[in-house]
Amino acid sequence: MTYDPATLGQFTITATDGAARRGSLVTAHGVVQTPIFMPVGTQGSVKALAPDDLDAAGAQIILGNTYHLYLRPGDDLLARKGGLHRFASWNKPILTDSGGFQVFSLKDIRKLSEDGVEFRSHHDGSKHFFSPEKVMSIQNNIGSDIMMVLDECVAYGADYDYTAKSLELTTRWARRCRQAHPRHKNGQLLFGINQGGFFKDLRERSLAQLAEIDFDGFAIGGLSVGESIPEMYDMLHHIAPLMPRDTPRYLMGVGTPLDILEGISAGVDMFDCVLPTRNARNGTLYTSQGKVNIRRAEYREDDSPLDPLCPCYACRTFSKAYLRHLYVAQELLSYRLNSLHNITFFLTLARQAREAIEQGRFAALKAHYQDVFAPAKD
Ligand SMILES: Nc1cc(CSc2ncc[nH]2)c2nc(N)[nH]c(=O)c2c1
Ligand SMILES: [Zn+2]
């Protein structure tokens, strides 16, 4: 990997449209154009897709998961294989989540302390411990271009006192992550994660504390955890504009096409979500005309392409009738074609957002998709 240490981590905003920003982020494996959607490859693969599929779909950066990769194949093995890029033959940027969220979603099989979190593997029940230093070491072995700090994502509905204590712990862990991995060591960037639940004063306290630490970007954590859409949007529009302006803003685990457009309108630059690949596997497909449930009998003899405006291989080559047949017959090709289409849709949406911001017509793009994905009028 060759990169210029002088420009590594540089985030440049080239256009704005309201609070929406068009920018670019320099990483060791290439420049990422924002706003960006990041396909999720939890175990080092975006399910059912190969790197050349992702290239064809326009993917610039994918996500990996510290928790999963640590358990299998092991970060020590990845280090011996030259890191995840070489192991998975993905030569573009990779962002790894720290594992905090995954461990905390393992509800009753984890114990939290000042030093970190003890948990049991969901594979074999074996006991493990993640400290801030440990997750930095794992992400260093993985070799991800953007690392995330170890944080506690408090559950939806956590009370004020618990949330206040938790954000202080997350800040102390963030400081320890920064100390454990010197700035830009191994060409790797490090993002802090804002917490504070649904309490605006706690969100601002968390942000003020993190802003004092030297991070290359800041994520909004603790959203998309079961709250209502209005609650998520309300907090999003409160905190995003308060985040540092000249570093990237990443909204973790979000979201639907409309959530992503809402986030961009609030000033967020980076998004990731399992929806495109997960929904592909249950036949829910996102198209320029709205959601299509390919299982429906109405498509049994439908010779038209899934989405006439989509450039992906599935839409150029097959009919809805064939895609429905593959799904009903549980053919493995169904996973591949549906995933390829949905990932292409989300990446195309991000590209359209970039172009709309450049041309000062982002509000019109957002309004268009609000019509396209408006809940079916019963
Ligand atoms: N909603 C949500 C989603 C994720 C996973 S993002 C992801 N990891 C792997 C794929 N995608 C979160 N991750 C962390 N570390 N903290 C959070 O608060 C948080 C919140
Ligand atoms: Zn398509």
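**Exercise 1.** How far from an oxygen atom of ligand 1 does a backbone N or O atom of Gly 222 lie?

*Solution.* The structure is a predicted model, in which local features need pLDDT of at least 70, side-chain atom pairs count only at pLDDT 80 or more, and totals for chains, interfaces and linings use all residues. Residues are numbered from 1 along each chain as its sequence is written, chains are lettered from A and ligands numbered from 1 in the order in which they are written, and side-chain values use heavy atoms, with hydrogens and water left out.

Step 1. The distance for Gly 222 is 2.7 Å.

Step 2. On the nitrogen side of ligand 1, an N or O atom in the side chain of Asp 272 is 2.6 Å away from a nitrogen atom, and a polar backbone atom of Met 252 is 3.4 Å from a nitrogen atom.

Step 3. Of the 460 Å² of accessible area (Shrake-Rupley method, 1.4 Å probe) that ligand 1 has on its own, the protein covers 95%.

**Exercise 2.** Which protein atoms are the donors of the zinc ion (ligand 2), and why is their arrangement tetrahedral?

*Solution.*

Step 1. The donors (N, O and S atoms within 2.8 Å of the metal, or 3.2 Å for Na, K and Ca) are Cys 310 (SG), Cys 312 (SG), Cys 315 (SG) and His 341 (ND1), at 2.1 to 2.3 Å.

Step 2. The four donor atoms subtend angles of 97 to 121°, so the arrangement is tetrahedral, a term requiring all angles between 85 and 135 degrees.

Step 3. Cys 315 counts as buried at 8% relative accessibility, as does His 341 at 0%; buried means under 20% relative accessible area (1.4 Å probe, protein chains only).

Note on methods. Four donors count as tetrahedral if all angles lie between 85 and 135 degrees; four count as square planar and six as octahedral if opposite donors are over 155 degrees apart and all others between 65 and 115; anything else is irregular. Buried means under 20% relative accessible area, exposed over 50%, partly exposed in between (1.4 Å probe, protein chains only). A polar contact is a pair of N or O atoms within 3.5 Å; within protein, one must be able to donate a hydrogen and the other to accept it, and residues adjacent in sequence count only if both atoms are side-chain atoms.
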